[in-house]
Amino acid sequence: MTTKQDSPQSTATEPWIVDQHWDITYQHVADPVAAQFLRTMRDEGKLTGIRCPKCERVLIPPRPFCDRCFVETEGWVDLPPEGVIELFTIVHLRVKGLPDPPYALVYVRPDGADTAIMNYFRGADLSNAAEPPAEVRIGERVGIKFADERTGRMTDFWYEPLG
Amino acid sequence: MNSRPVAAVGVGQTRFTNTAEAATYPELLRQATQTALADAGLGMDDIDAVVFALAPESLMGINHAERWCVEAIGAAGKPVLRVQTGGATGMSAVHAGYHHVAGGAAERVLVVGADRVRESGDAQQIFNKIWDPIYERSMAHTTISLIAMSASRYMWLYNSTEEDMARVSVKAHKNGANNPNAHIRREVTIDEVLESRYLAWPLKLLDTCPQSAGGCATVLSSKEALEPSQDPAWISGIGMSNDTYWVGDRIGPKLIYDYGDGGALEAAARQAYEQAGISDPAKEVDAVETYASFTPVELHNAEALGLCALGTAGPLFQEGFFDMDGQIPLNPSGGVICTNPISVTAMVRFVEGVLQIRGTAEARQVKGAETVVTTGSGGSHQFFPVSVLTREPRSAN
Amino acid sequence: MSDRWVNIVGAAYGRHDHRNDSLEELIYETTTEALADAGIELEQVDALVSAGSDQIDGRAITSMLSTGPAGGDLKDETNIASASAHALAMGWLMILSGQRDVVLVTSWGRASEGEVPAAEHLTADPFYDRDLPLEDLVAMAMQAQVHRTQVDGVDAAAAAVVEKNLANAVAAGRPVEAVGADAVRESPVVGTPLRELEVSPRCDGVVCIVLAAPGAVSTDRAVAIRGMGWASDRYRLADRDLVGLPHLQTASKAAFERAGISSVKDDVDFFELHDYSADAELLAAAAIGLTDVKSAPGLVLEGATAADGRWPVNLTGGSLAGDFPFGGPLARVAEATAYIRGEGPSKTNGSTGLVQMSAGFAGQFQTAVVLDRPEEA
């Protein structure tokens, strides 16, 4: 198989590089359920789930329809600032454009919800890459913390060890 | 279901390499195309339609590259369409080609694709842009953190360990060293895997696929259009299923598939097995090429494919059950851990399956392989196409 | 080909300038409408074929997020990213192959959320074309330039096409205003020779077509796909016959052959031609064999393609009355379905329709579909 370096059509030995840049800005419209969730989170400092009338799951992140039953959701459910870790990882990878590691990404199922929502877990010692801290394990209970000043984005809240 | 029988009669792969060393994208397509056509003993004039496999083109940097590359795949003037299902693309494309022939719209279809995964730098920068923009895009989430979470859950569900994962890596690299096309062709030891640096716990560098470049193609044919010189591998069963995008829904009291398990792959495999008349895969399957870009995925895939019971893959790996000389060799090619040219990775599984059926897989041949299962995976561990290849055409009993 | 054919048993679409709803909501809404139109529950659907363009949607694997709202969870789902018309082809093939019986074919595009010209520009060859502002408008203008250089009378005919389509749109109740041919010729030039009113304006939209094997869904409103064909041209504009459109000739011949149609002029009753520009409608009419390139302008000027003409083209205004990117052409299949059913704002004199859909610069990809009442299939 020929590589560009040994193409018979070229006398060059160095690859010829052309830089190209993708630059598109998007303004994504949020559905009213997501908007309500973020508004409530911002203004009242609490998380809310929404119920599917058919399968009766309390869904978080909330959405305007249940993708399993394909019906509109209805009925907001206030959720307490506590839950259980269902999924987690501690990231040690450095990627351009993303925050410096280490950080913990966790899906927490708030008490009363049937599904889990992802956010950062703060306040644990993540320095031992081989051994996640005891607080960051499946089944561990966590507290859901809210920033004092909130702007209505997901990073307004995070998870912390309980107690 | 009585579909017209369809066989793979030609295959082609380029050697897979780092992006910097690879030929240009159209050139990779052209090479794969020409190799597959030559292998089938056909010319482009014999091809009725083309299916193009291209996953996120933000990786290789040309939007809708199917337009730019139409001539590199011999498709100017022909019917051509492009499939994009993330990592599953390569096999979704094979299925699309299958439907062309089984539906009678074509006698011979070329399915082709290529990738240059690091063209835009780190692929994970691109993968950060696949998530829901409202709820998940603000997090520093990548496909590595995505699978790391599945891995940590699998460990919790079944008391599986990082050693279990490491054994997958050792086997993968050992097999890959036998594969002249593989990107990574060096063996590793368990200790090397366990000591490699953490990317996202519990995934370490040697638990992870490379970012590869290369091309792959296959020619599918109807039974009527077979040529005597061809050695057909029959697509006796296909299946496809997917799970909800929302990973957070795959836990809790009302889950359908647990996120630690293989997920909707199980349903897809069941469809394909039924079509192929396979009732006991653990006994009837000779070899498997399954899409697992990280070591823990191979563990739960083996289970989802019905090769062993839930949670037992780890101990079975330890016994060598899935080794080349084991009961059911898994990824004789070295799998995705050794080669991941995303747009075609799932097609490479299929092509490797074809080589196994023909008996031409050389040092990585599983002796007497007559029934081979090949799978793809894409999205948030979400899309799962499955194809069963057999030596003789088979159908549901 | 097999004796099996494929029916359209439901269809829904929406076009609008901008709604304060998420893309997922719009897809869910249109899908729900299509299922209701077909009179089926989602449980009866075997598969989803979606067509989404990642860079128009702003998500690197757009089908990850669209599959749920499009009703595809836990089902067979494939995303076709080359053209919405190709998703229809894929759904058609999946049923012909015998693998699936009921398939949703869904596509969309929002001009309002991203930057479609920027996304289109990124399809240009990165070595030779990308440093120049090549995108859709430039390509269609170059095509129109070649057209009007080779053929007489196009200036007047193009304006007549716009006037006709907008009049049809007004009669169909679409939210546009009628425009006279003079006003078209006085609108500003946007890319020589194309004037602003000769180019399809972009909006947002979603379309969902429900396909079924005959008998798989009980309905008396089925419309049959009698045949389909598709083909691609070369990439480079200068390598292409932008006037003769040989690939559209190939695609339409394949569609007609599969449909058992020997004379376009005698056997096809109405046409939905993809008028991304006024010239595109004229060129398509010729490439599908309704007329030839030199005679197409005359055909329009004498009224033969008007709503009450012998060969009505674009009965509800086509794309010139507004269309959404990527998914837009597929909505024409939904419109044609309504005509054949005798529903919707426009009527036809006969039941056999041709829908032609294009994608890529100056229609690099072309697809033709022949639709009819099932008795004719």
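**Exercise 1: a covered helix**

This is a predicted model, where local features need pLDDT of at least 70, side-chain atom pairs count only at pLDDT 80 or more, and totals for chains, interfaces and linings use all residues. Residues are numbered from 1 along each chain as its sequence is written, chains are lettered from A in the order in which they are written, and side-chain values use heavy atoms, without hydrogens and water.

Task: check the span and burial of α3(B).

Step 1. Helices are DSSP runs of H or I, at least four residues. The expected span is 1.5 Å times one less than the number of residues. For the 14 residues of α3(B), 89-102, that gives 20 Å; the end C-alpha atoms are 20 Å apart, which agrees.

Step 2. Of its 14 residues, 14 are buried (under 20% relative accessible area, 1.4 Å probe, protein chains only).

Step 3. Just after α3(B), B:Gly104 has a positive phi of about 80°.

**Exercise 2: a sheet in chain A**

Task: give the strand order and find the edges.

Step 1. Strands are DSSP runs of E, at least two residues; they pair with at least two bridges. The open sheet has 3 strands, in the order β2-β1-β5, with antiparallel pairing.

Step 2. β2 (58-59) and β5 (76-79) each pair on one side only, as edge strands.

Step 3. A:Thr48 has A:Asp78 as its bridge partner.

**Exercise 3: chains A and C**

Task: describe the contact.

Step 1. Contact (heavy atoms within 4.5 Å) involves 21 residues from chain A and 34 from chain C.

Step 2. About 2,100 Å² is buried between them, 61% of it on carbon and sulfur atoms. Buried area is the accessible area (1.4 Å probe) lost on being put together, summed over both parts.

How values were computed:
Buried < 20%, exposed > 50% of the residue type's maximum accessible area, 1.4 Å probe, protein only. Buried area = accessible area lost by both parts, 1.4 Å probe.
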